[in-house]
Amino acid sequence: MRRVLVLAALLGGMTVAQPAPAGVLTIRFLDVGQGDAVLITAPEGQSLLYDGGRSEKRMTELLGQYSVKSLAIVAASHGDADHITGLTPAVQEFKPKFFLNNGIAANTQTFSKLTAAVGTAGTQGLLASDRVINLGSVKVTILPPPPGMPKTDQNLNSVGLLIEYGTFRALMTGDSETAETAGWLKKYPASKLGPINVYKSIHHGARNGDNPAWLKAVRPSNVVIGVGPNNYGHPTSEALALYKSVGASIYRTDLNGTVTVTVQPGGKYALVTEKGTGTVPQTRPTPPAPSPARPPSSVTYPSCAAVRAAGKAPLLAGQPGYSRKLDRDGDGRACE
């Protein structure tokens, strides 16, 4: 059984201004409007800022609000403005040791300003590659873009982070799209990608972000969407339906403000929202109830290949030809 404690605190619209408590892992999905920014602080006090939203002013406010005293690492999932603009004041103020990114320059003034700040601060560039960073006692595994991604596309070269502390696991993957997640699915075993306790929605809930095959591997219990007022339709109904289909609770920074996760040694964790309560945790999809007994079907398929050749995939429990041996995960859907 998961060692999970989920709290959604209604704080009457008041901001949570406390610094990260010592002795626990704290992950804050910051309310930066339409954009992403995640502040990760180890039990020992070291902090990593993954993306910075699109407002320098807002990020400066938040770093003060949460009493951030230092940053060991700033990381850009990719070079788009809604992810990197707020990194510039963070670098200027805290002069972190490392700047992690995908190594692909974005042809924008925002990117130029950030890299100039990195140079002035003496911050060392760190190209995303298969490596683990120890943030205090927290294990941070970098997921670099998989081979074959076009270097002209920032989204497809998003850098992911897998955060592990005890049994707790969080995953964030920038604005990656289906081609990149498919590459990760080929590269990593399923046990590396899921299950995930807290998951950052890809691309603010865009239609071209999360997809069924990826979420089936990630198996998130809670999804946090970094989103604000926008003209893109984020988060899309398709993305919300995907998260619900895997039984995940959904939190949104536009509705819930900053979402804070605290993780105890061992992995027991809690989610607290700045306002509102997010969705009520949902149960995993319930396998369909066994169908009433029917006469034995005269249709049999020796394999899923035969099912697909007959154009019958997936076969649902009770349909002619369905059998338990073809339904490996026992969810009542064979040859999915």
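Mentor: Start with the term: a strand here is a DSSP run of E with at least two residues, numbered from the N terminus. Keep in mind that this is a predicted model. The chain has 10 helices and 17 strands, and Thr26 sits in strand S1, which covers residues 25-29.

Trainee: Is Thr26 buried or exposed?

Mentor: Buried means under 20% relative accessible area. Thr26 counts as buried because its relative accessibility is 1%. Across the chain, 52% of the 336 residues count as buried.

Trainee: Which residues does Thr26 touch, leaving out those up to four places away in sequence?

Mentor: Thr26 touches Ala20 and Pro21, then Leu39, Ile40 and Thr41, and also Thr260, Val261 and Thr262. For the chain, take contacts between residues at least 6 apart in sequence: 65% of them join residues at least 24 apart.

Trainee: And how do I look for empty space?

Mentor: Rolling a probe the size of a water molecule over the atoms shows where empty space is left. Here the count comes to 1 cavity of 30 Å³ or more, and the largest cavity has a volume of about 50 Å³.

Trainee: Which residues line the largest cavity?

Mentor: Among them are Phe29, Leu30, Asp36, Lys200, Ile225 and Thr253. By class, the lining divides into 6 nonpolar, 3 polar and 2 charged residues.

Conventions: Residues numbered from 1 in each chain as written. Predicted model: local features only at pLDDT ≥ 70, side-chain atom pairs only at ≥ 80, totals over all residues. Heavy atoms only, no water. Helix = DSSP H or I, 4+ residues; strand = E, 2+ residues; numbered from the N terminus. Buried < 20%, exposed > 50% of the residue type's maximum accessible area, 1.4 Å probe, protein only. Contact = heavy atoms within 4.5 Å. 1 Å grid on protein atoms, 1.4 Å probe; cavity = no way out; pocket = protein on both sides within 12 Å on 5 of 7 lines; lining within 4 Å. Points joined across faces, edges and corners; volume = space filled by probe spheres on them. Nonpolar A, V, L, I, M, F, W, Y, C, P; charged D, E, K, R; others polar.
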